[in-house]
Amino acid sequence: SFYGLAGKKPTSIAAVKRLIQKLQTTAQDSIEYSWKRLVKGMSSNRKSARQGFAVALTEVLTQFPDINVQDVYSLCKEVNLPSGHVSQKEVRDLYSGFVFCVSALQRSGKFQDVALSLEVVKDLLSILSKKKKVPTATLR
């Protein structure tokens, strides 16, 4: 269950383990649904959700090497970068979600492509140059 990923640390770690075990016995479309759901959940403002979803995404990417990192990053940008009129709080949540998503990609060891790595750095620098600040806890 994705809900358990937003719990306290022992609960979220157990939820990650259950998710991986379940995905190891399911079809490819369930794996795709899961990584997409994890990316979309990164901008949640529920307490501990970002951390739990980031750990889960890291593990999913590590355990299932056939997942296309460019697809993950494209969705990360699509759902976690603000477009249109959004409040300052929503902007912070989206930027935080983006940084957590990038962190999960990096921790999974998926950044092998130089062009993608450069795109990620460019996008992160763009976020940091905006007037709306990313919470410093996100950048740790």
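**Entry 1: Ala54**

I began with Ala54, which is found in helix α3 (residues 49-63); helices (H or I, at least four residues) and strands (E, at least two) are DSSP runs, numbered from the N terminus. I noted that the model is predicted, that local features need pLDDT of at least 70 and side-chain atom pairs pLDDT 80 or more, while totals for chains, interfaces and linings use all residues. Residues are numbered from 1 along each chain as its sequence is written, and side-chain values use heavy atoms, with hydrogens and water left out.

Is Ala54 buried or exposed? I found a relative accessibility of 9%, so Ala54 counts as buried (buried means under 20% relative accessible area, exposed over 50%, partly exposed in between, with a 1.4 Å probe and protein chains only). I also looked up Asp66, 12 residues from Ala54 along the chain: the C-alpha atoms of the two are separated by 19 Å.

**Entry 2: the whole chain**

I counted six helices and zero strands in the chain. The radius of gyration is 15 Å, close to the 14 Å that the globule rule gives for 140 residues, so the chain is as compact as a globular protein of that length. This radius is taken over C-alpha atoms, and the rule is 2.2 Å times the number of residues to the power 0.38. Along the principal axes, the C-alpha atoms fill a box of roughly 45 × 35 × 25 Å. Of the 140 residues, 41% are buried.

**Entry 3: aromatic rings**

I found three aromatic pairs in the structure. Rings of Phe, Tyr and Trp (its six-membered ring) pair if their centres lie within 6.5 Å; planes under 30 degrees apart count as stacked, over 60 as edge-to-face and the rest as tilted. Phe2 and Tyr33 form an edge-to-face pair, with 6.1 Å centre to centre and 70° between the planes. Phe2 lies in the segment before α1 (9-23) and Tyr33 in helix α2 (residues 28-41), so the pair ties together parts that are 31 residues apart in sequence.

I recorded Phe2 as buried at 15% relative accessibility, whereas Tyr33 is exposed at 51%. Ring pairs link Phe2, Tyr33 and Phe53 into a cluster.

Which charged residue sits over the ring of Phe2? I identified Arg37, whose charged end is 5.4 Å from the ring centre (the cut-offs are NZ of Lys or CZ of Arg within 6 Å of the centre and within 35 degrees of the ring normal).

**Entry 4: Leu125**

Lastly, I looked up Leu125, placed in helix α6 (residues 114-129). Leu125 counts as exposed, at 55% relative accessibility.
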